[in-house]
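Please keep the sequence and the structure in view while reading.

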Amino acid sequence: MRKLLYSLLLSGCVCTLASSCGDDGNDWTDYAEWRETNLQWYNTQAERKNEDGTPFFTRVNPDWYPESKVLIHYFNDRTETADNLSPLITSHVTVKYTGELYDGTVFDKTTTGSDSERTFQLNGTIVGWQLALTQMHVGDTCEVIIPYAQGYGPQGSESISPYSTLKFNIRLVDIPQYEIPDIK
């Protein structure tokens with residue numbers, strides 16, 4: 001009787017483990033085509049060239065995240081903003097931006113009028129924004145390409161599918177709170 005009880009208990013545990021490893025609706029394979037299309041688009045952008053043959057984008061590789069794959073292209077003359085502040089991750093930033101999926105679908109943006117700028121603490125954003133904005137100076141305007149690993153990852157968000165590569169046009173307007181972390 002004891003062997004039967006242990007066998008049933010063991011079978012129940014195995015079944016529970018097997019079912020918990022199954023498809024949860026957000027499986028790697030469920031988004032295989034979407035993920036591959038986003039990756040191909042990212043790779044195309046990474047290879048993009050200016051008319052003179054130089055790379056259009058620069059890969060952001062800070063010391064604290066050397067494997068980063070975020071791409072950035074500045075639209076302004078950076079010599080004009082070089083003496084302006086750059087945010088720390090703990091800073092509050094004010095920005096204007098448009099966020100798009102690889103296919104041009106806009107999922108978020110600041111608009112004209114009362115919502116023309118947004119202010120938030122940088123460390124409360126996706127890693128791709130942290131990487132890009134800490135490289136910018138107040139007054140810089142750029143295009144940023146963020147692969148899913150530095151974006152919303154395999155879980156996505158409300159309007160962004162899992163494994164989405166993101167494109168942002170961002171203008172760093174101000175750093176209203178330049179907070180230096182308390183290091184003890």
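Is Arg 78 buried, partly exposed or exposed? At 28% relative accessibility, Arg 78 counts as partly exposed, where buried means under 20% relative accessible area, exposed over 50% and partly exposed in between (1.4 Å probe, protein chains only). This is a predicted model, in which local features need pLDDT of at least 70 and side-chain atom pairs count only at pLDDT 80 or more, while totals for chains, interfaces and linings use all residues. Residues are numbered from 1 along each chain as its sequence is written, and side-chain values use heavy atoms, with hydrogens and water left out.

Side chains of opposite charge can pair when their charged atoms come close. A search of the whole structure finds four salt bridges, a salt bridge being a side-chain nitrogen of Lys or Arg within 4 Å of a carboxyl oxygen of Asp or Glu. In one of them, the side chains of Arg 78 and Asp 140 meet at 3.2 Å, N to O. This pair links distant parts of the chain, 62 residues apart: Arg 78 belongs to the loop between strand 2 and strand 3, and Asp 140 to the loop between helix 3 and strand 6. Helices (H or I, at least four residues) and strands (E, at least two) are DSSP runs, numbered from the N terminus. Asp 140 is buried, with a relative accessible area of 0%.

Another salt bridge joins Arg 48 to Glu 143, with the closest N and O atoms 3.7 Å apart. Arg 48 lies in the loop between helix 2 and strand 1 and Glu 143 in strand 6, so the pair ties together parts that are 95 residues apart in sequence. Arg 48 is partly exposed at 33% relative accessible area, whereas Glu 143 is buried at 6%. A further salt bridge is formed by the side chains of Lys 167 and Glu 100 (3.9 Å, N to O). Here strand 7, which holds Lys 167, is linked to strand 3, which holds Glu 100, across 67 residues. Both Lys 167 and Glu 100 are buried.

The strands themselves may be followed next. Strand 1 (residues 58-59) pairs with strand 2 in the antiparallel sense over two bridges; two strands pair if DSSP finds at least two bridges between them. Arg 59 has Leu 71 of strand 2 as its bridge partner. Strand 2 also pairs with strand 6 (residues 141-146), in the antiparallel sense and over four bridges, and the bridge partner of Tyr 74 in strand 6 is Cys 142. In a regular strand the side chains alternate between the two faces of the sheet. In strand 2 (residues 71-74), Leu 71 and His 73 point one way and Ile 72 and Tyr 74 the other way, and all are buried.

The largest nonpolar core has 27 residues, of which Trp 129, Leu 133, Val 144, Phe 168 and Ile 170 touch the most other members. Such a core is a set of buried Ala, Val, Leu, Ile, Met, Phe, Trp, Tyr and Cys residues joined through side-chain atoms within 4.5 Å. Strand 2, strand 3, helix 3 (127-133), strand 6 and strand 7 (166-177) each supply at least two residues of this core, and the largest share, five residues, comes from strand 7. A second, separate core of six residues includes Trp 41, Phe 56, Leu 71 and Ile 145.

Aromatic rings complete the picture. The whole structure contains 12 aromatic pairs; rings of Phe, Tyr and Trp (its six-membered ring) pair if their centres lie within 6.5 Å, and planes under 30 degrees apart count as stacked, over 60 as edge-to-face and the rest as tilted. Trp 41 and Tyr 102 form a tilted pair, 6.4 Å centre to centre with 55 degrees between the planes. Trp 41 lies in helix 2 (residues 32-46) and Tyr 102 in the loop between strand 3 (92-101) and strand 4 (106-109), so the pair ties together parts that are 61 residues apart in sequence. At 16% relative accessibility Trp 41 counts as buried, while Tyr 102, at 23%, counts as partly exposed. Phe 56 and Phe 57 form an edge-to-face pair, 4.9 Å centre to centre with 85 degrees between the planes. The charged end of Arg 48 sits over the ring of Phe 56, 3.8 Å from its centre; this requires NZ of Lys or CZ of Arg within 6 Å of the ring centre and within 35 degrees of the ring normal.
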